[in-house]
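Please open the model in your viewer and keep the selection panel at hand. The tour below goes from one selection to the next and says what is there at each stop.

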Amino acid sequence: MSYDLHTHSTASDGSLTPTELVHAAAAAGICQLALTDHDCTSGLAEAREAAAACGVWLLPAVEISCTWQGRSVHVVGLAIDPHCKILQAGLVTLQAIREKRAEEMGRRLESAGIPGAYAAARARAGKGMITRTHFAHFLVARGLSTTIGDVFGRYLTPGKPGYVPTEWAPIGEAIAWIRAAGGIATLAHPQRYKLTGSGLRRLLVEFKNAGGEALEVVSGAGLADNIQTMSHHARRLNLLGSVGSDFHGPDLAWLKLGRLPPLPPNVTPVWSRWDD
Ligand code: AMP
Ligand code: MN
Ligand code: MN
Ligand code: MN
């Protein structure tokens, strides 16, 4: 059995449609796939239909943008009921924040001598969530940099011309929305927050006390020693372990769908909550 419980589609900043993503997952031998678009669930209906047709188990899910102590932190809700009104009301507030932030990013880039970024990013996002990734693709297409990673570092991160400080949901609220929707709140890619050991411990304790239940122990961008560290935290705090690539499409070559090391056997898998 192969699991990938963190992936994106064109409903947010992935480059594959939900159908294409599900087909790619089937081709990669994934049995259980969670579609976790940023702050929206609009790709789930299409993904569910495609999954039913090709024998993939699709978990309805979402990746919620949060702010914790001034940093962006992401909380994935796994096995949610996407029709839950409390969840959707929360996501609507974040969608409005995203739209306003994108407009301000456009204004700031324009002041820095780069006009047209908002319109281009808006067009790239289509009906999906607008994200910094859409701005990054525009800036690369404009020839301002050669890679998406580089463009983030030069234009879209704190202190850079296109960065807009943003207050997302408090983690306690995001966890409450996920729980209201019957889902399992999972802290995404914990190694990416560049926290000290004690900072990560504080975040995890707060996450757990607010009703968080799982930790992404195996994450696409993580290294082997991260897996050991995160397994240790999961066991210590009695959190379930999740596995997710954070796949955004075949163009980001370092994050492959389903190509992940296994969850260490001493961590209880999050799928123990719905398998059996
Ligand atoms: P946003 O939620 O709009 O702030 O956009 C965040 C998204 O940007 C993340 O989910 C990643 O997909 C992408 N991202 C952030 N930093 C980088 C980076 N250094 N290189 C490539 N993609 C990035
Ligand atoms: Mn993303
Ligand atoms: Mn994320
Ligand atoms: Mn993600």
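Begin by selecting ligand 1 together with the residues around it, which are Asp13, His38, Arg98, Arg101, Thr131, Arg132, Thr133, Ile148, Gly149, Phe152 and His248. Bear in mind throughout that this is a predicted model.

With that shell displayed, look for the oxygen atoms of ligand 1 and the polar side-chain atoms that approach them. One such atom of arginine 132 lies 2.7 Å from an oxygen atom of ligand 1, a polar side-chain atom of histidine 248 lies 2.8 Å from an oxygen atom of the ligand, and for aspartate 13 the corresponding distance is 3.1 Å.

Two or more residues of the shell around ligand 1 come from each of α3 (85-111), α5 (132-141) and α6 (148-156), and α6 gives the most, with three residues.

Two of them show how distant parts of the chain are linked here: aspartate 13 is in the loop between β1 (3-7) and α1 (18-27), while histidine 248 is in the segment after β8 (240-244), 235 residues apart. Aspartate 13 and histidine 248 are both buried, and both also belong to the residues around ligand 1.

From here, draw a distance to the manganese ion (ligand 3), which is 5.6 Å from the manganese ion (ligand 2). Which protein atoms are the donors of the manganese ion (ligand 3)? Select Glu63 (OE), His74 (ND1) and His189 (NE2), which lie 2.1 to 2.2 Å from this ion and are spaced E-x10-H-x114-H in sequence. Glutamate 63 lies in strand β3 (residues 57-68) and histidine 189 in the loop between β6 (184-187) and α8 (197-209), so this pair ties together parts that are 126 residues apart in sequence.

As a last stop, check how these two residues are covered by the protein. Glutamate 63 has 0% relative accessibility and therefore counts as buried, and histidine 189, with a relative accessible area of 3%, is buried as well.

Conventions
Residues are numbered from 1 along each chain as its sequence is written. Chains are lettered from A and ligands numbered from 1 in the order in which they are written. This is a predicted model: local features need pLDDT of at least 70, side-chain atom pairs count only at pLDDT 80 or more; totals for chains, interfaces and linings use all residues. Side-chain values use heavy atoms; hydrogens and water are left out. Donors are N, O and S atoms within 2.8 Å of the metal (3.2 Å for Na, K and Ca); water is not among the atoms, so sites may look incomplete. Helices (H or I, at least four residues) and strands (E, at least two) are DSSP runs, numbered from the N terminus. Buried means under 20% relative accessible area, exposed over 50%, partly exposed in between (1.4 Å probe, protein chains only). A residue is near a molecule or strand if one of its heavy atoms lies within 4 Å of it. A polar contact is a pair of N or O atoms within 3.5 Å; within protein, one must be able to donate a hydrogen and the other to accept it, and residues adjacent in sequence count only if both atoms are side-chain atoms.
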